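Take a moment with the model before reading on.

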Amino acid sequence: LFRSAGAGDDRGRRLASGLRAFVEATLDDELGARVNYFEMVGVSRELDALRRRVLGDYAELIAAEAPDGIGVVDTRMASVALVGATDGLIIDWLSGDRSRPREEILDALLAIFGPVVG
């Protein structure tokens, strides 16, 4: 996610590029997003475990990108919170007014990811 083409070693550019790719891919496939965020939750223990593993992997990716000494008590906890924020904004968009530009989701994510990932 953070090793997007053209972003190089610039952590901020990698963050913006990766989040943009995720938000666009997720919202471009609205049916897939609805299945992921609404339909598969609670279907079975296996799917719930898979979902938790994917979300955990996403949090680990974020934590791995966070520089040491960022002022967050626990980088992994902050990363899990960022995963929750990402899900929350996607769910809000899927559930609500789609006239709100997707760019606003990206802007909000960059504002809250920035202090952790840099």
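What follows is a walk through a predicted model.

Start with the whole chain. It has 5 helices and 0 strands. From the N terminus on, the order of elements reads α-α-α-α-α. The chain holds 118 residues, and 31% of them are buried. Now think about contacts between residues at least 6 apart in sequence. Of these, 64% join residues at least 24 apart.

Next, pick out helix 4. This helix covers residues 75-95, which is 21 residues. From its first C-alpha to its last, helix 4 reaches 30 Å. That is close to the 30 Å expected at 1.5 Å a residue.

Which residues of helix 4 are buried? They are Ala78, Ser79, Leu82, Val83, Thr86, Asp87, Ile90, Trp93 and Leu94. Look at how the numbers are spaced as you read that list. An α-helix has 3.6 residues a turn, so residues three or four places apart point the same way. What do the buried residues of helix 4 pack against? Their partners are helix 1 (11-28), helix 2 (30-39), helix 3 (45-65) and helix 5 (102-117).

Leucine 82 sits in helix 4. Its relative accessible area is 6%, and buried means under 20%, so leucine 82 counts as buried. Leave out residues up to four places away in sequence. Leucine 82 then touches Ile62, Ile112, Phe113 and Val116. Take phenylalanine 113 from that list. Leucine 82 and phenylalanine 113 are 31 residues apart along the chain, yet their C-alpha atoms are separated by 6.7 Å.

Now move to helix 1, where you will find threonine 26. Threonine 26 is buried too, with a relative accessible area of 13%. Set aside its neighbours within four places in sequence. Threonine 26 is then in contact with Ala33, Tyr37 and Ile90. Ile90 is one of the buried residues of helix 4.

How much space lies in the largest pocket? About 170 Å³. Helix 3 gives the most, with 5 residues. Sort the lining by class, and there are 7 nonpolar, 1 polar and 2 charged residues.

Charged side chains bring us to salt bridges. The count comes to 8 salt bridges. Begin with arginine 14 and glutamate 65, which form one of them. Their closest N and O atoms are 2.7 Å apart. Arginine 14 lies in helix 1 and glutamate 65 in helix 3, so this pair ties together parts that are 51 residues apart in sequence. Are these two residues buried or exposed? Arginine 14 is buried, with a relative accessible area of 5%. Glutamate 65 is buried as well, at 7% relative accessibility. The pair also belongs to a network of salt bridges, which links Arg11, Arg14 and Glu65.

Glutamate 60 and arginine 76 form another salt bridge, with the closest N and O atoms 2.5 Å apart. Glutamate 60 lies in helix 3 and arginine 76 in helix 4, so the pair ties together parts that are 16 residues apart in sequence. Here the side chains have another setting. Glutamate 60 is partly exposed, with a relative accessible area of 40%. Arginine 76 is partly exposed at 39%.

Finish with glutamate 104 and arginine 100. This pair forms a salt bridge too, and its closest N and O atoms are 2.5 Å apart. Glutamate 104 is partly exposed, with a relative accessible area of 36%. Arginine 100 also counts as partly exposed, at 47% relative accessibility.

Key. Residues are numbered from 1 along each chain as its sequence is written. This is a predicted model: local features need pLDDT of at least 70, side-chain atom pairs count only at pLDDT 80 or more; totals for chains, interfaces and linings use all residues. Side-chain values use heavy atoms; hydrogens and water are left out. Helices (H or I, at least four residues) and strands (E, at least two) are DSSP runs, numbered from the N terminus. The expected span of a helix is 1.5 Å times one less than its number of residues. Buried means under 20% relative accessible area, exposed over 50%, partly exposed in between (1.4 Å probe, protein chains only). Contact means heavy atoms within 4.5 Å. On a 1 Å grid over the protein atoms alone, a cavity is a set of points where a 1.4 Å probe fits but cannot get out, and a pocket is an open set with protein on both sides within 12 Å along at least five of seven lines; lining residues have an atom within 4 Å of a point. Grid points are joined across faces, edges and corners, and a volume is the space filled by probe spheres set on the points. Ala, Val, Leu, Ile, Met, Phe, Trp, Tyr, Cys and Pro count as nonpolar, Asp, Glu, Lys and Arg as charged, and the others, Gly among them, as polar. A salt bridge is a side-chain nitrogen of Lys or Arg within 4 Å of a carboxyl oxygen of Asp or Glu.
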